[in-house]
Amino acid sequence: MKRTARICLLSLSAAVMVAVTAVVVLSGGDTAFAWRVIRHGESSTDDIRWKQHAILPADDPKPWVGSDQCDDVRRVAGASLDDVLIPGGATQLVVVRHGQLICQWSAPGHGLDEPRPVFSISKTISALLLSRAAEAGKMAWDDPITKWVPELNERDARFARITLSDLVDMRSGIDFQVVARFPWFNQDAPRVYYASDLRTASINDPRITSEPGLFTYNDWAPNLLGIAYQRATGNLMTGPGAEALWSGIGAQNPAWWLVDSHGFPWHESGFVASAPDIARIGQLLLDEPNSDFARRSAAALNTPVVSDATGAPPRYGRIPMGYGNGFWILHDTPQPAYAALGYHGEVMVADPSTDTVIVRLGNSGYENLASEPQIAAQLEHWARKL
């Protein structure tokens with residue numbers, strides 16, 4: 001009996017040692033990263049409670065002007081906003097038409113000034129800051145990424161053929177596994193989202209699988225662009241450029257940018273702000289058609305449908321969409337519209353044909369009810385019916 005118990009104990013100890021060794025190897029020896037993956041699992045809107053952040057102050061707040069026209073929004077929604085939005089996990093809704101706020105709503109327990117994680121809408125914010133750096137002559141869209149991150153060339157000479165434009169348009173040829181499966185630790189999505197040192201991981205981990213041109217939705221790309229931005233301007237995207245942007249648009253509430261333990265921001269998913277202030281980004285796009293950001297975004301309106309490609313996130317193919325300059329492009333109607341989409345139901349639609357911006361932010365836990373493209377298409381149709 002004792003011998004059997006000893007054998008079982010030894011077997012259990014051996015199994016534990018094998019499991020621990022596998023975790024250490026697959027995580028590259030970064031046990032803190034491995035623990036975050038095990039502890040937190042899937043991303044969540046609650047992650048802002050434990051991730052560190054930098055703050056962008058709202059130094060020149062400008063209240064939205066406009067009159068309450070929520071009755072019109074309820075009419076096109078087909079029911080009360082509570083009935084339409086709460087079952088899907090929405091926390092905030094803002095509708096801006098012709099530059100005026102016509103409707104705002106928040107779910108019970110949430111306020112309109114509450115900072116909310118917007119996940120991949122962060123990619124749009126990053127693209128905007130890059131455009132401003134390009135306008136200032138700090139960098140150019142046709143620069144090869146190796147001009148600013150020469151370490152990449154030491155790993156693979158093909159990185160020299162990838163431009164900043166390729167990266168922001170998600171056509172770099174860099175591989176990315178959107179869905180992480182067991183054993184998780186050595187896969188792209190968790191390597192980015194739970195990184196201990198995101199800058200170093202972004203230099204060392206991306207792999208090229210094709211020549212530039214093929215669409216692959218990619219979280220390495222925004223972080224490589226963030227490194228380029230820092231080296232070109234001398235500042236992180238949490239620095240003076242972002243502070244000037246946030247104050248310049250008249251944001252009423254401070255924004256956060258989630259950062260790793262080295263202060264490097266998660267450019268692909270780390271922005272945190274209220275819906276009324278996110279709407280100002282969409283309004284800026286519509287109000288400044290001659291800016292580099294608007295011109296590049298307008299050019300993206302003609303991009304072909306890629307949402308059904310193998311490189312697109314799961315379930316995105318249900319709505320025909322193109323992609324460019326940090327925006328998804330809704331092609332479900334004859335008149336395309338911009339959509340900035342973040343996981344867990346974070347959506348901003350900017351519709352040039354109706355001069356309307358709608359932002360809907362939400363909680364995690366409702367992902368199986370409707371995909372972000374489906375939510376965006378619904379908001380686009382609201383804009384067309386108002």
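Student: In which helix is S247 found?

Tutor: This is a predicted model, and in it S247 is found in helix α12, which covers residues 240-248.

Student: Is S247 buried or exposed?

Tutor: A residue counts as buried under 20% relative accessible area. S247 has a relative accessible area of 13%, so S247 is buried. Leaving aside neighbours within four places in sequence, S247 is in contact with P57, A58, D59, D60 and K62.

Student: How should I read the sheet of 4 strands, and what is its strand order?

Tutor: Strands of a sheet pair through backbone hydrogen bonds, either parallel or antiparallel. Here the 4 strands form an open sheet in the order β1-β5-β6-β4, with antiparallel pairing. The edges are held by β1 and β4 (116-117); each has a single partner strand, so one side of each lacks a neighbour in the sheet. Helix α12 packs on this sheet, where it touches β1, β5 and β6, and its direction makes about 55° with that of β1.

Student: How many bridges pair β5 with β6?

Tutor: Strand β5 (residues 255-259) and strand β6 (residues 271-273) pair over 2 bridges in the antiparallel sense. Opposite W257 stands F271 in β6.

Student: What is the order of the open sheet of 7 strands?

Tutor: That sheet has the order β3-β2-β11-β10-β9-β8-β7, and its pairing is antiparallel. Its edge strands are β3 and β7 (321-324), each of which pairs on one side only. From one strand to the next, the twist averages 20°.

Student: Which strands are joined by bridges to β11?

Tutor: Strand β2 (residues 90-97) is joined to β11 by 7 bridges, and the two run antiparallel. The bridge partner of R97 in β11 is T356. Strand β10 (residues 346-351) is joined to β11 by 5 bridges, again antiparallel. There V347 has R360 of β11 as its bridge partner. The hairpin of β10 and β11 has 4 residues between the strands, and D355 takes a positive phi near 55° in it.

Student: Why is β11 described as largely enclosed?

Tutor: One looks at the burial of each residue in the strand. In β11 (residues 356-362), 7 of the 7 residues are buried, so the strand is largely enclosed by the rest of the structure. T356, I358, R360 and G362 point one way, V357, V359 and L361 point the other way, and all are buried.

Student: What joins β7 to β8, and which helix lies across β7 and β8?

Tutor: Between β7 and strand β8 (residues 327-330) there are 4 bridges, and the strands run antiparallel. M321 stands opposite L330 in β8. Helix α5 (residues 121-135) lies across β7, β8, β9 (337-342) and β10, and runs at about 120° to β9.

Student: How many disulfides does the structure hold?

Tutor: A disulfide is a covalent bond between the sulfur atoms of two cysteines. The structure holds 1 disulfide, which joins C70 to C103 with an S to S distance of 2.0 Å. The pair links distant parts of the chain, 33 residues apart: C70 is in helix α3 (residues 70-77) and C103 in strand β3 (residues 100-106). The link of C70 and C103 is right-handed, with 105° about the S-S bond. Both C70 and C103 are buried.

Student: Where does T45 lie, and what does its side chain contact?

Tutor: A residue in a loop may be described by its burial and its contacts. T45 lies in the loop between α2 (31-40) and β1 (52-56). With a relative accessible area of 4%, T45 is buried. Its side chain makes a polar contact with the side chain of S364, at 3.2 Å. Beyond neighbours within four places in sequence, T45 is in contact with several residues, including R116, H344 and G362.

Student: What pLDDT does the protein chain average?

Tutor: The average is a pLDDT of 92, and 91% of the residues score at least 70. Over residues 2-27, however, the pLDDT is below 50, and this stretch has 12 contacts in the model beyond near neighbours in sequence.

Notes. Residues numbered from 1 in each chain as written. Predicted model: local features only at pLDDT ≥ 70, side-chain atom pairs only at ≥ 80, totals over all residues. Heavy atoms only, no water. Buried < 20%, exposed > 50% of the residue type's maximum accessible area, 1.4 Å probe, protein only. Polar contact = N/O pair within 3.5 Å; in protein donor to acceptor, adjacent residues only side chain to side chain. Contact = heavy atoms within 4.5 Å. Disulfide = S-S within 2.5 Å. pLDDT = per-residue confidence, 0-100. Pairing = 2+ DSSP bridges. Axes fitted to C-alpha atoms, helices over the stretch in contact; angles between N-to-C directions.
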